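Biologist: Please take me through the contact between the two chains of this model.

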Amino acid sequence: MEQTLVKFYQTGTFTVGNRLLAPEQRSLQSGAARSNSLNSGHRACQGCGEALGARYAIDAAMAATNGQLIAANATGCLEVFSTPYPETSWQMPWIHSLFGNTAAVATGIAAAMKAKGRSEVRVVAQGGDGGTTDIGFGCLSGMFERNDDVLYICYDNEAYMNTGVQRSSATPPAARTATTMPVGPNPGNEFGQGKNVPQIAMAHEIPYVATATVADLRDLEYKVTKAMSMHGARYIHIFVPCPLGWGAASHDTIKLSRLAVESGVFPVFEAERGEVTGVLKIRRQVPVEEYLKPQRRFAHLFGKKPDVATLARLQARADRNIRRFGLLGE
Amino acid sequence: MKMQKPFAITLDVGSSLANHTGSWRTERPVYLSRKPPCNHQCPAGENIQGWLFHAESGNYQEAWRTLVEDNPFPAIMGRVCYHTCEGACNRGQLDSAVGINSVEHFLGDEAIKQAWQLPKPVASSGKKVMVVGAGPSGLSAAYHLARLGHAVTVIEAGPLPGGMMRFGIPQYRLPRQVLDAEVQRIVDLGVRIEYNTKVSNVLESKLAGGYDAVFLAVGAHIAKRAYIPAGDSAKVLDAVSVLRSMEGEDKPLLGRRVVVYGGGNTAIDMARTAKRLGATESIIVYRRNRDKMPAHDFEVEEALQEGVMIKWLSTIKQAGESSITVEKMALDDKGFPQPTGEFETLEADSVVLALGQDVDLSLIEGVPGMAVQDGVVQVNGHMMTGHDGIFAGGDMVPAERNVTVAIGHGKKAARNIDAWLRGSAYVPAPKSEVAGFDTLNTWYYSDAPKTVRPMLDIIRRQSTFEEVQGGLDESNALFEARRCLSCGNCFECDNCYGVCPDNAVIKLGPGKGFEFNYDYCKGCGICVSECPCGSIKMVPEDI
């Protein structure tokens, strides 16, 4: 009998917690004592993936550092919805930087702590994809290159949502944004442009690079905890759906993250010193259409005359991720 | 005024808790209990998901206690129930249904092994109830009535309790010590059973005993006959009598070649019993085909495995001393068998008829108000006959005839009798919506195959009356219980608490579940989408 190979649903690794699990087997988020670093009352939209991802990540970092954590935060949705003066949702030391210099501000905090001999205090920097892949990219690359003792977390919702859904270098091909309208021969965002920052980070050969999504809490907590156990420059890129910017239902935030992983659109992996050391395998593979269809930013690909050619190109991109990272199989 | 604040700060720092984002909401999530499809399906009205919940954590006694709230015969059920619950199980659409019946079997056996006792009755009501018939329906009613505080006397025509559970179901399906143990527990509650007493007139017996109410559950024990031209020396028997005589000292002599006539579960039981009595050939003759056969598929399958043969689309035209003549049939457009005029001879030492059973209605003859139709007693929605204060259930009323249905009748009748005795009418709890497969988020349940109960070796099964369906051991039972998806009922997985982007779910601690903090809940609905078991739903706000 192969009972040892079978996971019972109660003790499986998919739910947040479970009454039948020992406390150490539950996720940090299942505990009533989680730090709730990003508290209630923030002004993020209904079903905001970034608010969820930020609490998941920062709570895990707080737990890993016994609460000795300082965050620097780039301008963007996360900063705007969490700290309308004079209120704050952050239950931790937190500083708002400019749009483009969060990595440098975090570097400065880390240097200050070092100078003061406060080796127990750790530093995270966080920002959206705009502040990370576009505007703050120079500071970020510098932080990597100097191997500063900072964990940089990018919450990727694939456009400038705060200012009205403009394209960023993380916007996927064919997606509609305010600046890539679905008109002309190639509607939506162009193919063949944009940046893959996790891979650029790997090219710096920093100690740790990882991707994660809000669909897999345990994987996300594992990666943040692991990153906080290391020193030097570390980078985690978290996929966070945006109901408003993507034209998706607010209750589909986690489902869309799951479909992005299961279709191969967003590969989840970790890498040390530039080499991939682990990937999250696809459990129930789905075609990319299943991921694209619930989002109005891709609506122009469907309808009465589906844009079969573009869909095929998007599927090919996902298939390439699956091949490249070996996302299928045991 | 001199500022006491840090550089460039002019206001006190405040928390965002001042901002009640709950005001944005147009819909609110609410926790609810939906009815699991297994519970919905169970003819005995068991709270299956409820007892599996306790079994999942290894608390078998609590599981058993939850089970016997509805059905006092878990060990019997684990052996003879046709477990239609498993056909309704949502897990069947994921990998395969939860082995509910095998866990019930385990719990029933564990209770007998550990000598767990049924809960004591509430304070005496001072009312006396007569139950006629100590079969599954009568004993179930007696159990529930006793727990409700009534003094119950069961009048049984036969020498032993159990009814068709003893005189109809063969020992290889239900060992008698299991039956005896579960009946004894009911007797231990204070239920009196009078054996070898036949009620010839229900009104006279009611008056003589000073009973306030009566529950009739005499079953259907008269074998239906069919006219078959037979020679003087032909041996034609009926299955009810043969199976009944299996309980006595002298086992029936059927010969080496036995033909059973009929297509129900009794025909199957009969053919398998004949095989165990030493018949080299045990052949079922049935006038229609397998699709139309009323017997349950798994029983047909087990019979075939044991070497029972089935002659489909055939009727017996004539029976002689050592052979019978059968006529081939063909199904017409409406699915009815029609004769073809083609005949065939089969060797047979005896023919056993298993063509269904009729109810012995002599005890209600002349009772005013009593309505009989198609040979069964008519009852209303409260299980009461046309005569005030006389209720009926089991095989003698219009319903599917099996042990589980009968037990369900007993429970339903007991609740109605209790209400009637107290001068009111029983009002069942309002029906909650059924937790269908589409209310689940199955991503969170990993796949796991059903544990297969060890089957006795085929050869051993053919020659003895030892139990055919083995039981699960503890680790298997726990495994099986944990495959339950907990449809429609929170199992405290913490998903809602974890996935809320607004920290608007309050965790109340083990066994207490969760609560929404509507001050901050924005109504995004992620908790509903990510609840594995469909125990949260969105309802519109009044705006």
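**Interface of chain B and chain A**

Biologist: How many salt bridges does the rule find across the interface of chain B and chain A?

Modeller: This is a predicted model, where local features need pLDDT of at least 70, side-chain atom pairs count only at pLDDT 80 or more, and totals for chains, interfaces and linings use all residues. Residues are numbered from 1 along each chain as its sequence is written, chains are lettered from A and ligands numbered from 1 in the order written, and side-chain values use heavy atoms, without hydrogens and water. A salt bridge needs a side-chain nitrogen of Lys or Arg within 4 Å of a carboxyl oxygen of Asp or Glu. A:Arg19 forms one with B:Glu56, the closest N and O atoms being 2.9 Å apart, and the interface count is two.

Biologist: What is the area buried between chain B and chain A?

Modeller: Buried area is the accessible area (1.4 Å probe) that two parts lose on being put together, summed over both. Carbon and sulfur atoms give 51% of a total of about 4,700 Å².

Biologist: Which residues in chain B lose the most area to chain A?

Modeller: Three residues together account for 17% of what that side buries. They are B:Trp443, B:Arg482 and B:Asn503.

Biologist: Which residue is the bridge partner of A:Thr88 in β1(B)?

Modeller: Strands are DSSP runs (E, at least two residues), numbered from the N terminus, and two strands pair if DSSP finds at least two bridges between them. Strand β2 (residues 87–88) of chain A runs parallel to β1(B), joined by two bridges. The partner of A:Thr88 is B:Ser15.

Methods
Helix = DSSP H or I, 4+ residues; strand = E, 2+ residues; numbered from the N terminus.
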